Amino acid sequence: LLTSLWFASSGMGAIIEGLNVAYDVKETRAWWRRTLLAIFLTIALVVLVITALALMFYGSGIVEGIANLSGFAAAFTTVWKVLRWVFVFVFVFLAFELIYYFAPDLNIKQLRWLAPGAMTGLVLWLLVSFLFGSYLNFYNNYSVVYGSLGAVIILMLWFYLTGVTILIGGEVNAIIEQAAARTGDPEANGKGEKLSDESARVRSAGAQSP
């Protein structure tokens with residue numbers, strides 16, 4: 001388990017590097033801090049995404065079983081079938097937000113710059129997962145070609161596609177924030193900038209002065 005977590009965090013480390021490239025900043029954090037951050041983000045991503053997938057594929061059956069045992073009305077089951085998709089969106093959205101907030105090596109991070117990329121990454125992730133799952137349903141002869149390794153190859157490919165959606169969302173965030181910096185927003189990081197609290201206050205004071 002520890003070995004799997006270590007190698008999975010290496011993939012998260014690559015995402016951290018990719019987001020630094022999107023913001024055009026250099027990594028200045030210590031190696032041990034970056035490693036612990038990658039492990040933390042990996043655990044958070046796994047927990048949130050697995051919870052979302054469990055709700056997506058098994059939520060309806062679980063609630064129907066609970067309703068049968070506890071005697072809940074059929075309306076409860078119907079409402080839950082709708083609400084579970086809300087929870088799926090919330091869990092995956094939180095996973096993307098955590099990555100975009102902690103992964104880039106920026107001193108000042110505003111949540112308002114993270115929502116557009118998180119929403120973009122969420123929609124792309126759901127679309128890619130749906131299309132990839134549909135492809136596997138129609139062309140399910142991979143086990144004949146690859147044998148028992150087919151499941152591993154599929155999982156790695158899905159991880160790769162997930163990483164691509166995360167990086168696309170991060171690029172969206174970087175473009176929006178850098179555009180805001182060019183228009184004079186004192187709390188926005190420009191391309192290659194790492195604003196500190198002091199520099200943000202100086203910018204804000206300069207923007208407010210006549």
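Q: Which residues touch the most other members of the largest nonpolar core?
A: This is a predicted model. Its largest nonpolar core holds 37 residues. Those that touch the most other members are Met 12, Leu 45, Phe 96, Ile 99, Tyr 100, Trp 125 and Ile 166.

Q: Which helix gives the most to this core?
A: Helix H1 (2–23), helix H2 (31–70), H3, helix H4 (115–138) and helix H6 (149–182) each supply at least two residues. With 10 residues, the one that gives the most is H2.

Q: What secondary structure does the protein chain have?
A: From the N terminus on, the elements run α-α-α-α-α-α-α. There are zero strands in the protein chain, and the helices number seven.

Q: How are the planes set in the aromatic pair of Phe 96 and Tyr 100?
A: The structure holds five aromatic pairs. In the pair of Phe 96 and Tyr 100, the rings lie 6.1 Å apart, centre to centre. Their planes stand at 65°. Over 60 degrees counts as edge-to-face, so this pair is edge-to-face.

Q: Are Phe 96 and Tyr 100 buried or exposed?
A: Phe 96 has a relative accessible area of 2%. For Tyr 100 the value is 3%. Buried means under 20%, so Phe 96 and Tyr 100 are both buried.

Q: Which residue pairs with Tyr 101, and at what centre to centre distance?
A: This pair is edge-to-face, with 80° between the planes. The partner of Tyr 101 is Phe 102, at 5.0 Å.

Q: What is the relative accessible area of Tyr 101 and of Phe 102?
A: Tyr 101 is partly exposed, and Phe 102 is partly exposed too. The value for Tyr 101 is 30%. For Phe 102 it is 32%.

Q: Which residue forms one aromatic cluster with Tyr 101 and Phe 102?
A: Tyr 101 and Phe 102 form an aromatic pair. Their cluster also takes in a further residue, Phe 40.

Q: Which residues does Tyr 100 touch, leaving out those up to four places away in sequence?
A: Tyr 100 is buried. Among its contacts are Leu 19, Leu 114, Thr 165 and Ile 166.

Q: Which helix supplies the largest share of the lining of the largest pocket?
A: The largest pocket has about 700 Å³ of space. Its lining counts 22 residues, with Ala 8, Gly 11, Met 12, Leu 45 and Phe 159 nearest its centre. H1, H2 and H6 each supply at least two residues. The largest share, 10 residues, comes from H6.

Q: How many charged residues are in the lining of the largest pocket?
A: By class, 18 lining residues are nonpolar and four are polar. The number of charged residues is none.

Q: Which helix gives the most to the lining of the second largest pocket?
A: This pocket has a volume of about 410 Å³. Of its 15 lining residues, Leu 53, Phe 57, Ser 129, Gly 133 and Trp 158 are closest to its centre. H2, H3, H4 and H6 give two or more residues each. With seven residues, the helix that gives the most is H4.

Definitions and conventions:
Residues are numbered from 1 along each chain as its sequence is written. This is a predicted model: local features need pLDDT of at least 70, side-chain atom pairs count only at pLDDT 80 or more; totals for chains, interfaces and linings use all residues. Side-chain values use heavy atoms; hydrogens and water are left out. Rings of Phe, Tyr and Trp (its six-membered ring) pair if their centres lie within 6.5 Å; planes under 30 degrees apart count as stacked, over 60 as edge-to-face and the rest as tilted. Buried means under 20% relative accessible area, exposed over 50%, partly exposed in between (1.4 Å probe, protein chains only). A nonpolar core is a set of buried Ala, Val, Leu, Ile, Met, Phe, Trp, Tyr and Cys residues joined through side-chain atoms within 4.5 Å. Helices (H or I, at least four residues) and strands (E, at least two) are DSSP runs, numbered from the N terminus. Contact means heavy atoms within 4.5 Å. On a 1 Å grid over the protein atoms alone, a cavity is a set of points where a 1.4 Å probe fits but cannot get out, and a pocket is an open set with protein on both sides within 12 Å along at least five of seven lines; lining residues have an atom within 4 Å of a point. Grid points are joined across faces, edges and corners, and a volume is the space filled by probe spheres set on the points. Ala, Val, Leu, Ile, Met, Phe, Trp, Tyr, Cys and Pro count as nonpolar, Asp, Glu, Lys and Arg as charged, and the others, Gly among them, as polar.
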